[in-house]
Amino acid sequence: MKLKISIGLFLLVGNLTLVAQQYTEYELKSAYIFNFAKFIEFPPNTFNSDKDPYIIGVYGNEAFLEVLQAVIHGKTINNRSVIAINISQPEDALNCKMIYFSRTSITQALTIIEFLNGKPILTIGDNIEDFCQKGGMINFTQQFSHKRFEINPDAAARVKITISSKLLALARIVKDEEVKF
Amino acid sequence: MTQFLGVFLYVTFDKRQFQRSTQQELDMISNIIANNSVAPLLFNDSLESSHILQSLKSHPNITMACIFNEKKQPFARYNTHNNFQNRSVFSPVNKDTVVMSDTSFISIKHIIDQTENAKTIGYLYVVRDLNDYHQHLAKVISANIIIAIILILFALIISTQLQKIISQPILRLSGVVKKLSQKLDFSLRISKPGNDEIGQLIDGFNHLLNTIEEQNKELVLAKDEAIKLAQIKQQFLANMSHEIRTPMNAIVGITNLLLNTALTAEQKEYLHHINMSSNNLLVILNDILDFSKIESGKVNFEKIRFNLNDTLDNISKMFEAKIKEKALFFTISKGPNVPAFLMGDQVRLNQILINLVGNAVKFTEQGSISIQVQHKQDLPNNVCELLFIVSDTGIGIPDDRKKDIFESFTQASNDTTRKYGGTGLGLTISKQLVELQNGRIWLESEEHKGTTFYFYIPYEKANPPSLEELQLKSDMETRIFQKEILEQTVILIAEDNALNLFLIKTLLTKQRFSHIITAANGQEVIDILKDNDIDIILMDLHMPVMDGFEATQFIRNNFTGKKQHIPIIAITAAAIASEKEICMESGMDDYLSKPFKPNELFEKIIFYLQKK
């Protein structure tokens with residue numbers, strides 16, 4: 001509870017301070033997140049049916065969730081509808097195909113990731129330090145970086161997610177710092 | 001020409017091919033680029049996008065490429081060095097297109113995000129120049145031209161060869177034909193190059209020429225023979241004419257003389273029959289000679305002034321007796337506008353009328369005979385056509401004989417000669433005489449009802465004789481009775497035939513010519529003329545030692561003064577036209593053909609005496 005409140009406050013503050021740029025940055029990142037899905041291949045039977053929606057989970061940033069929801073509203077990926085949910089509890093994460101960690105510390109993120117336990121779920125970090133090095137798959141970089149995001153393809157490969165080389169070409173490739181099983 | 005057509009077609013085809021393959025290639029490249037550009041566009045990575053476009057460097061002909069984002073703003077660009085285009089704005093297209101121009105192909109392609117319902121997320125613009133094509137084209141054209149030239153040369157070589165074999169012989173053939181038709185030299189032949197069809201043609205041609213040449217030779221021979229025959233015939237005619245007329249002349253002449261002596265009625269009757277027969281014979285003889293003359297085209301027509309009325313009178317008198325004998329009704333009439341004086345051949349007109357009227361009289365037993373003269377029409381140059389109509393109520397001519405009636409040697413029926421006599425030449429001669437004078441003759445007839453003959457001849461209108469001429473004529477007529485002149489005139493008669501000589505001498509003596517000298521040949525004429533004063537010479541043509549022509553020529557060339565110009569009248573038995581000309585050419589003044597009417601002789605003699 002305390003953690004939540006502090007996170008919430010942090011977020012709020014974070015939100016307040018970034019209110020001017022925030023909207024476009026969130027839109028942009030939402031678009032990126034949405035577009036990532038186009039270059040991801042999940043292992044077979046990840047979806048139960050063709051009608052199964054593509055669920056994106058957002059952890060730690062409800063404001064971002066709102067924007068994401070607005071951006072992806074009505075869009076489809078390979079004719080699947082795309083929806084975004086808030087991850088308040090770890091159990092929520094299990095239904096997602098993508099999880100976006102925003103305003104989260106690496107520790108918090110890794111905890112959730114551990115909870116995922118090898119499920120084929122794409123993990124994306126919002127410029128979280130060492131995200132990819134410590135097992136995350138995609139991490140947004142600092143503004144004005146050469147590449148907009150970094151990717152750890154091995155991390156994806158471990159859970160049998162294939163990331164298209166086209167996406168990899170746009171990213172800064174990161175290798176595992178240490179192997180974590 | 002075919003070559004260049006071929007080149008053109010090939011180039012066109014080649015261009016199409018090139019265009020198609022270029023388009024395909026360009027499309028393929030654009031697709032690949034577009035495909036690879038989806039991610040950069042989605043993630044707004046223009047750097048990566050440019051990086052991808054850079055791969056186009058490897059293509060030598062792509063000079064520019066440009067990617068525009070969803071908002072049609074330039075996103076990434078690729079340029080080669082020599083690119084002068086700087087397209088930052090472009091016209092939007094709804095679907096992928098390729099713009100083709102002579103210098104470049106421009107591909108405009110939508111960059112599509114397939115995962116999101118084929119949404120267009122950007123536009124790819126690729127420019128490909130056509131330098132390689134132009135070079136290629138140049139190579140193709142020059143290669144083709146070289147090939148074309150080689151083929152043309154090849155064709156030339158073959159054609160010259162063919163020319164020798166085919167064209168040349170044909171040209172030579174046509175050359176020979178041309179020469180032939182120009183020079184008509186059938187001894188030309190063509191040389192034969194080989195045994196093929198051309199050779200055979202030439203063979204045939206040469207053979208033809210052979211045949212023509214031989215035929216020509218034969219024709220020439222035949223023609224020469226024909227000419228010789230014609231000449232022989234001419235000569236025969238002349239001779240026969242002379243041979244027959246001479247005794248005829250004697251018979252007729254002496255018969256007339258006899259008739260003027262004291263005779264018993266019986267003697268007179270016998271003489272009368274002889275006279276009739278000899279006259280008939282004369283007519284027949286003249287017919288035959290006339291016919292031969294006309295057949296050989298030796299008839300000339302006079303153009304002397306004569307009085308039509310005299311002619312008609314003459315006819316009337318000639319048949320008066322016979323008509324009265326048969327108790328036929330006879331009329332002569334002239335229509336209006338018929339001129340009295342005409343220029344033409346009165347003798348021939350007489351002949352035609354005598355023939356027609358004679359037939360009318362012969363073939364009419366009862367009824368009437370009429371002669372009409374009408375003015376048919378006026379022609380230019382003071383000529384008028386006169387229509388003569390001889391009509392009778394005689395036996396008529398059957399329809400089936402009408403068309404043959406003018407044919408030689410035919411008469412209306414096979415009995416005609418037996419019943420009516422005649423040679424059957426009269427109508428033929430009349431027809432020819434009419435037609436030779438530019439007229440026409442035809443008939444109408446109904447059996448047992450009668451016959452009408454029509455003919456017209458154009459005659460030049462003549463002026464009536466002037467007062468002087470009439471005076472002269474009457475003077476001449478009065479002078480005939482001036483005994484003194486007649487008694488003083490010295491006439492030289494050259495005639496080798498004793499009988500004829502006797503005849504003429506007697507005639508002249510009767511007319512009171514008392515001074516008559518005779519000669520038996522041309523030489524004697526000359527000798528006599530040398531030593532004597534002669535007023536006029538009557539010259540027979542065919543005499544031994546020297547004939548009339550030679551003598552006349554001698555006189556004209558060798559005497560002088562009065563003797564040189566002495567009037568010479570030719571007296572001849574042969575009445576061939578050419579002879580008359582020869583007489584005139586020899587220098588004679590006039591011409592009389594035996595047998596002649598005594599009056600004719602006198603008139604001529606008086607005329608020439610008068611002229612002095």
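Trainee: In which hand does helix 5 of chain B pass helix 10 of chain B?
Mentor: The crossing is left-handed (the near helix is turned anticlockwise from the far one by less than a right angle; clockwise would be right-handed). Helices here are DSSP runs of H or I, at least four residues, numbered from the N terminus. This is a predicted model, in which local features need pLDDT of at least 70 and side-chain atom pairs count only at pLDDT 80 or more, while totals for chains, interfaces and linings use all residues. Residues are numbered from 1 along each chain as its sequence is written, with chains lettered from A and ligands numbered from 1 in the order in which they are written.

Trainee: And at what angle do helix 5 and helix 10 of chain B pack?
Mentor: Helix 5 (residues 265–295) and helix 10 (residues 426–436) of chain B pack at about 40°, their axes being 10 Å apart (lines fitted to C-alpha atoms over the stretch in contact; angles run from 0 to 180 degrees between N-to-C directions). Helix 5 of chain B is therefore oblique to helix 10 of chain B.

Trainee: Which residues make that contact?
Mentor: Helix 5 of chain B supplies D287(B), D290(B), F291(B) and I294(B). From helix 10 of chain B come G426(B), T428(B), I429(B) and Q432(B).

Trainee: Now the chains: how many residues of chain B are in contact with chain A?
Mentor: On chain B there are 10, and they meet 13 residues of chain A; contact means C-beta atoms, placed from the backbone, within 7 Å. Helix 1 of chain B gives the most to the chain B side, with four residues.

Trainee: In which hand does helix 1 of chain B pass helix 3 of chain B?
Mentor: That crossing is right-handed. Among the contact residues are F4(B) and F18(B) of helix 1 and L137(B) and L151(B) of helix 3 of chain B.

Definitions and conventions
Helix = DSSP H or I, 4+ residues; strand = E, 2+ residues; numbered from the N terminus. Contact = placed C-beta atoms within 7 Å. Parallel < 35°, antiparallel > 145°, perpendicular 65-115°, else oblique.
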